[in-house]
Structure formats: C-alpha cells, structure tokens
Amino acid sequence: MSAAETVGIVGAGPFGTALAHVVAGAGRSVLVFSQTENVVREINSEHRNEERLPGVALADGVRATSNPAELAEQCRFIVLAVGAEDVRQRARELGENIDGAHLVVHAIGAYARPEDVPVSEVLGDELPTLRIGALAGPALPADLAAGRVASMVCGSRYAEVSAAARELLSSPPTLRIYGSRDLVGVELASSLSGLYTVVLGMADGLDVGAGTRAVLVTRLVAEASRLGQALGAESWTFAGLAGLGNLLVRGGGESSSREYLYGLALAQGSRPEGRPPVGARCVHSLARVAEQRGQRLPVLTALHQVLDGDVDPREAAKAIAETVGEHE
C-alpha cells in the first residue's frame, strides 16, 4: 500500500498494539515503531506482542520497525501512542524524520510530563507539521483485541486530520472514529477523565449509593465543561466520548482502571505507595490552570488537596460527596 494508505503507530504498548491489530484486521497496512528490538522481532516473525498484549495473534497487516526514517517514509498518517513522560523525546525523534506533509495524532490521555502541558503543545514545538490532533475515548486495549465495539473521537483544528483518522482508523464494527474541531476540549476532557475517575473510586469506596453517584457524574461533567469553556473549548465535548465516555468506562466494573482502584484505596484510608497513576498526576497543573482562570472547581480542588497530603482522603471524599447537592 502507499504511504497515504498505511497507518503508522509510534509505541508498541497495549493500546498501540491493539489499535494496530484492529486497523490491520480491516484490511489496511500498519507499521508499528518501537525502540525495543525484541518487540519488533516478535511482531514481525510471530505476529505477537506477548509482553504488551498477551494471548493475541495480530492481524497479518501489522509490521514493526525500529527505524523512524522507515516509519516516516512509509506512513503519511501517524498515531503517537506512548507514555506521557516520553512524549517530548518521541516527538523530537519523529520530528527529525517527518515533514509538513505528515498528519500526526496522539492517543495520550494525560498532559505531557514533566511539563504538565497539553500534548498538542509539545507536538507543536517538536514537529514540522501543523496538522496534528488528539485521539480519545472509551476504547480499551482488551476490548479492541477481543473485537468488542468501541468508539473514539479525533479532535483537530484541521478537518483533513479528522477525516484521515475516520478513513484510516475506523474499522466497523469494532472501532468507529468521529471527528471534532475541538482539539482543546478533546485533550482536556481526556485528561480530566483520569482525574475524575479517581474521584469515582473514592465515592464508591465510601458507598455513597447509586443516586448520589449519578449526580456526582453529572457534576464532574459540568465542572470539566466550565474549565474547558474558560480555555476556549466547546462545552458539549465534555459530555462526549473523550469526557463522559472515558469516565464511564474507566470508573468501575470489569474495566476498573488504576485511577479507579487508587481512589478506592484513598477512600478506605490507605495511600498506595509510589506515584499516583498517570491519569492523576496532572491534577496540580489543572488546579493551577483553574485558579488562573478564576474557575471554582470544588471536586478538582478537593482531589488536589488529597494528593498533596493536605487533607485526609476520607474527609475529602465525604466533602466531595456532599457537594453534589450544592447549587453552583
């Protein structure tokens, strides 16, 4: 296939590998870039990535490379699917090989670390192309690998980017991609959903009940929307796939995320050792942004205080639960 028809994916983690599998299963060619030579060899020789996506025989159209120049030459549309801490370095390496003809979207549901800034800002710094976007939504690697139905949204200021994402990544019935011009909103909604999943875990750990939980979810969406509007985003984005959709799929049941389990532990009076999960680590920067914009976000503020160690997790969780009955 031509470069315009081949999808490039930077990162052979669970999501990047599962996305490659689904897209290739729809008959497209996919080239996965990984710096880990063992992963590249395993994908190319055995069509598997047992360390990151165990038990899955990858579709025939998936290939791998450790050569960024090869990726740039063979793929015009590239998905960046790496950890939040690796964004700048991976983007810099990619930027040394691509040009203005490439389209790049990221699938990183958190702010870039350690700068705590939107990933699109880092891509704007490091890439020679202006045509960038963000891919977000409730599409879990396990669901994609199992062929269960999932949807995502691609946010970009350039209609060409969203159109390419819909054309190249949509793989009915497993994966459907929608487009949005609201890049700011898609990135922010995806990042906030990680934070607010911690809050849902805290609420469930206190057994607040289904009714209170439902009201809390609506409050979280409204709170996220207010901050988004202050930053120039569209309010409806936060009730869509990148915001509410992400929150619902991460926050409980079989799909419980690390953020949700972390919140459960906090509500039960324990503080897990080590760093908070990636979805919670941008709470400080987002709380600072909210303050700078003059936005009163009680739930975000309470979580910030908990993660800073200023407030007992159980007391903060109770306070969060009580706010659901307040009027703004």
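Accessible areas here come from the Shrake-Rupley method with a 1.4 Å probe, and for residues only the protein chains shown count as cover. By that method the accessible surface of the chain comes to about 13,400 Å², of which 48% belongs to carbon and sulfur atoms. This is a predicted model, in which local features need pLDDT of at least 70 and side-chain atom pairs count only at pLDDT 80 or more, while totals for chains, interfaces and linings use all residues. Residues are numbered from 1 along each chain as its sequence is written, and side-chain values use heavy atoms, with hydrogens and water left out.

**Whole chain**

Start with the chain in cartoon view. It has 14 helices and eight strands; helices (H or I, at least four residues) and strands (E, at least two) are DSSP runs, numbered from the N terminus. Along its principal axes the C-alpha trace spans about 55 × 40 × 35 Å. Of the 328 residues, 55% are buried, where buried means under 20% relative accessible area, exposed over 50%, and partly exposed in between (1.4 Å probe, protein chains only).

**Helix α11**

Select residues 258–267 next. Seven of the ten residues of this helix, α11, are buried, so the rest of the structure largely encloses it. Those buried are Glu259, Tyr260, Tyr262, Gly263, Ala265, Leu266 and Ala267.

**Salt bridges**

The whole structure holds 14 salt bridges, each a side-chain nitrogen of Lys or Arg within 4 Å of a carboxyl oxygen of Asp or Glu.

Show the side chains of Arg76 and Glu160, which form one at 2.5 Å, N to O. Arg76 lies in the loop between α3 (68–74) and β4 (77–80) and Glu160 in helix α7 (residues 159–169), so the pair ties together parts 84 residues apart in sequence. Arg76 is partly exposed at 30% relative accessibility, and Glu160 is partly exposed at 35%.

Move to Asp125 and Arg88, which meet in a salt bridge of 3.5 Å, N to O. Asp125 is in helix α5 (residues 119–126) and Arg88 in helix α4 (residues 87–95), 37 residues apart. Asp125 is exposed, at 52% relative accessibility.

Finish on Arg90 and Glu93, whose closest N and O atoms are 2.9 Å apart in a salt bridge. Both lie in helix α4, three residues apart, about one turn of the helix. Arg90 is buried, with a relative accessible area of 15%, and Glu93 is buried at 19%.
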